[in-house]
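Please look over the sequence and the structure shown here before reading the notes.

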Amino acid sequence: MSEAALSPDEAALLDRVQAPEGQGREILDAATREVIGRAPVQTVADLDDAIARAKAAQPGWEALGHQKRSDLLLQAADAIDARAEALARLLSREQGKPLNGPNARFELGACSAWLRATAATVLEPEVLVDDGETHAELHYKAIGVVGAIGPWNWPLMIAIWQIAPSLRMGNTVVVKPSEYTPLSVLAMISVMNEVLPPDVLIGVSGDREVGARLAAHPDVDKVMFTGSTATGRKIIESSAGNLARLTLELGGNDAGIVLPGTDPKAIAQDLFWGAFINTGQTCAALKRLYVHDSIYDDVVDALKEVAEQTPMGVGLSEDNVLGPLQNTQQFDIVNRLVDDAKARGARIVTGGAPAPELGELFYPITLIADATDGMAVVDEEQFGPVLPIVKYSDVEDAIASANRLDVGLGGSVWGPDRDEARKVAARIQSGTVWINSHGGVHPMIPFGGVKGSGYGLEFGVEGLKSVAVPQIING
Ligand code: NAD
């Protein structure tokens, strides 16, 4: 079988979800730009119908209780595992990420792992006061219908991050996948619906207008949104109408600080993947690197060595671990930021221009040395295979640089002395700071941003609380 041919399992999944021949919107393979299939184009009326069905199904789902819902989440994880390879191939085509490396197969593994971890997480009622006179307890109940709106970079994993805790707590969920990656998300939902009761989880494939209606709908009680800060602001505005509770995971521009005394070769692989996981199209990727001048050249050289050994190309080829940009819009952003950096005198260490020989949307790993704060490539989120590397001599300046932007999703500090690194970490304004790594997430460790990166936490017990409403039982 050639790489390009749909496997029978992939074709069967695609046929379940795609629009009939001659209808829908064509979705292209991000790497080859060949047509993969036809996304259904659902309307605001279709969305309204989906929300009505989800609302009707919610009381019955809640009444099943935690144990039964958890069992069904475990069965959904098994169903995903059973189709993981077909889903990974479809994801690889649609999103562009390779099968191997921390990419498509990894993403499918994370989906079932997150479902299982969420099924096992317990949110117990808390006794608040029990002094003989007063007995008050804090309980958590379902909110109602959750609207889940996601991006195109980790479309399946992020959908699961929204779906799993929402279902676990007794909510029903209407998912609006990104218009760039609807097929793989709809396919995963259809696999989960092999085991879930009807209308508990519904996917609606539509454009930004459908997303806006989902966020503003009077019967949506909670919106889980992952995407850009600009769209996040619009969702906050629409929540003034329906008072939907919000979890907003927005854009970031994560800084990493490499302290003096760090061994460049020892950290190069982890630095590289911290920046270039999913070819840089990751919310909490390392997007600006501040390196002490005593080791600056060695860090740049060590990163260059890793970059040049890491294969990029069509995702279905088993050799590749880096892929294309997912869409033209993102490709243009990357191109503009690199050209601007060059014009301002930054030094291209590797990459620096598109790679049309690989395909229309390929841009090579691009390391930019002698970058400075104020350059667009440093100040704006690149969301692609580009890393500006800034030299510093006083760690106070590096901390100030890390904190000077209006976003704060993640950050990292790299150094030989953990206590020293932790002191610096405590001063970084971001939802997470990693020490000697960047971007790793864990289903039991809450994740969320500060400043323009949004609010609300996902994962673990805190994640369950954010898709529930508290109720005090007093007496
Ligand atoms: P986007 O904001 O353009 O789109 C995200 C989703 O919102 C899409 O499904 C879109 O159809 C929908 N949408 C658009 N307009 C809407 C509106 N007015 N109301 C409701 N929904 C609307 O973002 P994107 O380009 O798909 O994703 C890239 C961005 O997402 C980057 O900034 C990235 O940093 C961020 N991101 C954040 C996280 C995180 O966890 N913090 C994770 C992944 C991506």
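The model is predicted.

**Domains and their contact**

- Domain 1 gives 32 residues to the contact, and domain 2 gives 33 residues.
- About 2,800 Å² is buried between domain 1 and domain 2, with 58% of this area on carbon and sulfur atoms.
- Arg33, Trp152 and Ser453 account for 20% of the area that domain 1 buries against domain 2, more than any other three residues.
- Two salt bridges are counted between domain 1 and domain 2.
- Arg33 also forms a salt bridge with Glu360 through their side chains, at 3.4 Å from N to O.

**An open sheet**

- An open sheet is made of three strands in the order β3-β4-β20, with antiparallel pairing.
- Strands β3 (126–130) and β20 (468–474) are at the edges with a single partner strand each, so one side of each has no neighbour in the sheet.
- From one strand to the next, the twist averages 25°.
- Strand β4 (residues 135–142) runs antiparallel to β20 and is joined to β20 by seven bridges.
- Opposite Leu138 stands Ile472 in β20.

**Ser184**

- Ser184 lies in helix α7 (residues 182–192).
- The relative accessible area of Ser184 is 0%, so Ser184 is buried.
- Leaving out residues up to four places away in sequence, Ser184 touches Leu87, Leu90, Leu91, Glu94, Pro155 and Leu156.

Conventions: Residues are numbered from 1 along each chain as its sequence is written. This is a predicted model: local features need pLDDT of at least 70, side-chain atom pairs count only at pLDDT 80 or more; totals for chains, interfaces and linings use all residues. Side-chain values use heavy atoms; hydrogens and water are left out. Two strands pair if DSSP finds at least two bridges between them. Helices (H or I, at least four residues) and strands (E, at least two) are DSSP runs, numbered from the N terminus. Axes are lines fitted to C-alpha atoms, for helices over the stretch in contact, and angles run from 0 to 180 degrees between N-to-C directions. Buried means under 20% relative accessible area, exposed over 50%, partly exposed in between (1.4 Å probe, protein chains only). Contact means heavy atoms within 4.5 Å. Buried area is the accessible area (1.4 Å probe) that two parts lose on being put together, summed over both. A salt bridge is a side-chain nitrogen of Lys or Arg within 4 Å of a carboxyl oxygen of Asp or Glu.
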